[in-house]
Amino acid sequence: MEKWFKILGLSFLVSIFMIRVVAYLWLRPKKIEEHFAKQGIRGPPYKFFIGNAKEIVSLMLKASSQPMPFSHNILPRVLSFYHHWKKIYGATFLVWFGPTPRLAVAEPDLIREIFTTKSEFYEKNEAHPLIRQLEGDGLLSLKGEKWAHHRKIITPTFHMENLKLLIPGAASKVIEMLEKLTPNSKNGEIEIEISEWFQTLTEDIVAQTAFGRSYEQGKAIFRLQAQQMVLASEAFQKVFIPGYRFMPTKRNIKSWKLDTEIKKLLMKLIQDRTENWGKNEMQENNGPKDLLGLMIQASIKESSLSSSINSPLNHHNSALNNNNSSMITANDIAEECKTFFFAGEQTTSNLLTWTTVLLAMHPQWQDLARDEVIRVCGSRAIPSKDDLAKLKMLSMILNESLRLYPPIVATIRRAKADVDLGGCKIPLGTEVLIPILAIHHDQAIWGNDANEFNPSRFSEGVARAAKHPMAYIPFGLGVRQCIGQNLAILQTKLTIAIILKRFALRLSPQYKHAPTVLMLLHPQYGAPVIFKRLIDPAIAKSS
Ligand code: HEM
């Protein structure tokens, strides 16, 4: 009898579980579809559990199966699913990433609501677990008070007055890397795979801003993170099995070991710098402010405030080990360092890569940019901060590069409550997909030449370049806008200015135009570019 009761009880529990699963994976999505359909918003039909994942993957694989002509109309290749369904359902449509509904929104007025006027109703979505592991629990993913607290502490790193202190070091690194190139002695040419070359370069400057005088140790950690990124990219491309990341495969074991090593080295670095804080006060106060230094300083300050209220413990050690959730811990600092690498390194190197490719494709703009560099910088080998501010043509070229080839092609927000978006009722939990790349290529906003490389559209500034001031968002918008944009622009201008003065650029015959997205927008087959050494034009002119 007792046995039958147990079986009955168990079957009851299993039935409840099954009903819940069906409700979540079938009834709920169908109800959401109906809710949007009533408001005139449609999209590809939801399929049990996988949503539209199968179609998305197959559209993306087909689009990236071969290179494209030398055109900047890259939307159909890069965000093929968006391009495909926009033609059928219009610019605002509903698409399913598994059982999660995402509303694609590309109207600048609605974007203003999401990021600025109604931003309190939206939050960052949970990133894919593989990305979460890479990006760390730092500014990119934090929410609420903890995010605001960290952002306030870290912001001074990116003030222009602070960044300008990095110019001599960053410029020397570019020059050092250029001097290591050995062009063919007859024609003065050398072919470089620039996407990798620029990664090495940006790793250096992001390590400077993150670690300051602990930069050498920091760079070793960044190397391990770069390895971690390669493993994650491979997993991202090949594996669609749920729970795969928990399986003890060769790749996963390597990744777990790397994770432990990165954490161990970061904690040691933080411990060392904290313990030596008072001893190197002069050094700490003299150089550029770095993320690590600012966060340790904040941690020590907060800890000494709390210990002067409570008990007079050793400030430096309690700073690292405190349990108060509003105070900065060593773990918080380690996570922010990881975030810096993830958010700063490949984004900037991608901007450098696409800008160089564009200059190589459009020699007339390359000449204009070079003339400007020579006029502004004269015989100075390293452009000063003031020189960089005067490089207007180069700024326009960078803006156009970020418009046509934004390193981050889309971003996502999640509705924290039921919210009204431009008259449409959005239920709590719906994700909103903002396809930055599609907005940047929209002819209704940018005119008939939206897919052309025309930097002069920015001649009267960013706000006047398009029909709508919210149509240009390579660094996002509102309070969660990119904290590192000044650094990215500074490094890119500096690097391109130094290169243009010394080399003429053209695409290698091996170059295949194939922008694709794997976390960020990157060239699928690399970006080989031929650098031809120039006689320093400033010297040539003056002699
Ligand atoms: C061309 C280079 C870069 C591009 C295109 C770029 C783009 C972006 C975008 C679009 C966002 C907003 C994401 C969203 O709203 O969901 C963002 C946020 C962020 N970026 Fe960048 N970024 C670049 C360089 C950098 C650099 C150099 C750093 C730091 C070293 C950095 C650190 C961050 C951080 C920490 C956030 C999160 C800010 C917050 O939520 O408070 N980025 N970036």
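Which helices and which strand each supply at least two residues of the shell around the ligand? Hi everyone, let's start there. This is a predicted model, so please keep that in mind as we go through it. The elements are helix H7 (144-154), helix H16 (330-361), strand E5 (411-415) and H22. Of these, H16 gives the largest share of the shell, with six residues.

Now the shell as a whole. The ligand is surrounded by 26 residues, and the closest are Trp-147, Arg-151, Thr-411, Arg-413 and Cys-482. By residue class, 15 are nonpolar, seven are polar and four are charged.

Next, the iron. The ligand's iron atom has a single donor from the protein: the SG of Cys-482, 2.3 Å away. Where does Cys-482 lie? You'll find Cys-482 in the loop between helix H21 (443-446) and helix H22 (485-502). The UniProt record, an unreviewed entry, carries the annotation "binding site" over Cys-482. Is Cys-482 buried, exposed or partly exposed? Cys-482 counts as partly exposed, because its relative accessibility is 32%, and buried would mean under 20%. If we set aside neighbours within four places in sequence, Cys-482 is in contact with Arg-151 and Phe-475.

Arg-151 brings us to the ligand's oxygen atoms. A polar atom in the side chain of Arg-151 sits 2.7 Å from an oxygen atom of the ligand. For Arg-413, an N or O atom of the side chain is likewise 2.7 Å from a ligand oxygen. Then there is Arg-480, with a side-chain N or O atom 2.8 Å from an oxygen atom of the ligand.

Let me finish with one more arginine, Arg-28, which is found in helix H1 (residues 2-38). Arg-28 is partly exposed as well, because its relative accessibility is 23%. Which residues does Arg-28 touch, not counting those up to four places away in sequence? They are Ala-23, Pro-99 and Pro-101. With Pro-99 there is a polar pairing: the backbone oxygen of Pro-99 lies 2.6 Å from a polar atom of the Arg-28 side chain. The Arg-28 side chain also reaches the backbone oxygen of Tyr-24, at 3.1 Å. And if you'd like a distance to check on your own screen, take Arg-28 and Pro-67: they are 39 residues apart in sequence, and their C-alpha atoms are 40 Å apart in space.

Notes: Residues numbered from 1 in each chain as written. Predicted model: local features only at pLDDT ≥ 70, side-chain atom pairs only at ≥ 80, totals over all residues. Heavy atoms only, no water. Donors = N, O, S within 2.8 Å, 3.2 Å for Na, K, Ca; no water. Helix = DSSP H or I, 4+ residues; strand = E, 2+ residues; numbered from the N terminus. UniProt positions renumbered as here; feature names shortened; annotations may be inferred. Buried < 20%, exposed > 50% of the residue type's maximum accessible area, 1.4 Å probe, protein only. Contact = heavy atoms within 4.5 Å. Polar contact = N/O pair within 3.5 Å; in protein donor to acceptor, adjacent residues only side chain to side chain. Near = heavy atom within 4 Å. Nonpolar A, V, L, I, M, F, W, Y, C, P; charged D, E, K, R; others polar.
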